[in-house]
Amino acid sequence: MRIDGKQIAADIRAEVTAAASGLVARGVRPGLAVILLGDNPASVSYVTAKERACVECGIASFPVRLPADTSEQTLLETISRLNEDPRVHGILVQLPLPRGFDEQKIIRSIAPEKDVDGFHPISLGKLLLGQDTFVPCTPAGIMELLRRSGVETAGKRAVVVGRSNIVGKPMALLLARKGADATVTLCHTATKDLGAVTREADILIVAAGHPHTIVAGQVKPGAVVIDVGVNRIPDATKKAGFRLVGDVDFEAIEPVASLITPVPGGVGPMTIAMLLRNTVKAAAATLPA
């Protein structure tokens, strides 16, 4: 059975819209600034979708477009201005940045209270400690997919494939923390006999960044499979000249899994929904106690 990420994301966006309206009634309109350097087609597409979603949910959008040859100092100064702007409650710098930028330095320059992407070291540190914080949007969205699909995580064996700071590591933390209570294994490029590990998973989350990382025979029958990957594969039959596939062999694994996310239409819509929710959370924190 497929998990309908589009519908679940729509439900969350309706909740965000209601929350944003409530804040507006109290004199605060949530605002999100999205900074894009250059004109990478995938990044432009992502940013456009985020800004459109803001408008639809009643969140003020502050788009910032900078040329690819912008200096690191100029980007830091731009972020500094947004940090000081009371209309802006969340700041997102679209990654990846052009070559030559210190991404961690850029992320650290965002005020932690406006770090709606959840990538700041303070946000990640609080996540590790189990404290309230901005959770990276994709892992947060996956937890919502599991919860709203009725997937029980307590006592389950969860396997995460991929150890990025954006998805893999925070995903493992979320699954293992109190309340989720899964037993988690984190796999990566040095994992020996990956299939032997993934076949033990009740919940398998794949964020490797490569198509067909997980193929038939590597999934336990009845497992829940969450495919985070978004890969462009050349396809002359498509108007765009490519099609999107995930990190798992969907056609081979769908009959085996109890639940599985499609690509597109699975995890992707959830990432934007959680970004919107984080922005509303940031705005709510500015209200007087």
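**Exercise 1. Identify which residues of helix 1 and helix 10 meet, and characterise the packing of this pair.**

Solution. Contact here means heavy atoms within 4.5 Å, and helices are DSSP runs (H or I, at least four residues), numbered from the N terminus. On the side of helix 1 (5–25), the residues that meet helix 10 are Gly5, Lys6, Ile8, Ala9, Ile12, Arg13, Val16, Ala19, Ala20 and Leu23, and their partners in helix 10 are Pro269, Met270, Ala273, Met274, Leu276, Arg277, Val280, Ala283 and Ala284. By class, this contact comprises 15 nonpolar, one polar and three charged residues, where Ala, Val, Leu, Ile, Met, Phe, Trp, Tyr, Cys and Pro count as nonpolar, Asp, Glu, Lys and Arg as charged, and the others, Gly among them, as polar.

The model is predicted, local features need pLDDT of at least 70, side-chain atom pairs count only at pLDDT 80 or more, and totals for chains, interfaces and linings use all residues. Residues are numbered from 1 along each chain as its sequence is written, and side-chain values use heavy atoms, with hydrogens and water left out.

For the geometry, the axes of helix 1 and helix 10 lie 9 Å apart at an angle of about 15°, the axes being lines fitted to C-alpha atoms over the stretch in contact and the angles running from 0 to 180 degrees between N-to-C directions. The two helices, helix 1 and helix 10, are therefore roughly parallel, given that angles under 35 degrees count as roughly parallel, over 145 as roughly antiparallel, 65 to 115 as roughly perpendicular and the rest as oblique. The crossing of helix 1 with helix 10 is left-handed, a term for a near helix turned anticlockwise from the far one by less than a right angle, with clockwise giving right-handed.

**Exercise 2. Classify the orientation of helix 2 relative to helix 10, and list the residues in contact.**

Solution. The axes of helix 2 (residues 41–56) and helix 10 (residues 268–284) come within 10 Å and cross at roughly 50°. That angle makes helix 2 oblique to helix 10, and the crossing of this pair is right-handed. Helix 2 contributes Ala49, Lys50, Ala53 and Cys54 to the contact, while helix 10 contributes Ile272, Leu275 and Leu276. Sorted by class, the residues of this contact are six nonpolar, no polar and one charged.

**Exercise 3. Determine how helix 6 is oriented to helix 10, and which residues meet.**

Solution. The axes of helix 6 and helix 10 come within 8 Å and cross at roughly 105°, and the two helices are therefore roughly perpendicular to each other. From helix 6, Cys137, Thr138, Ala140, Gly141, Glu144, Leu145 and Arg148 meet Met270, Thr271, Met274, Leu275, Arg277 and Asn278 of helix 10. This contact has six nonpolar, four polar and three charged residues.

**Exercise 4. Describe the lining of the largest pocket.**

Solution. A pocket is, on a 1 Å grid over the protein atoms alone, an open set of points where a 1.4 Å probe fits, with protein on both sides within 12 Å along at least five of seven lines, and lining residues have an atom within 4 Å of a point. The largest pocket holds about 1600 Å³ of space, and among its 50 lining residues the closest to the centre are Tyr46, Thr138, Val230, Gly268 and Thr271. Helix 2 gives the most to this lining, with nine residues. The lining as a whole divides into 27 nonpolar, 13 polar and ten charged residues.

Notes:
Grid points are joined across faces, edges and corners, and a volume is the space filled by probe spheres set on the points.
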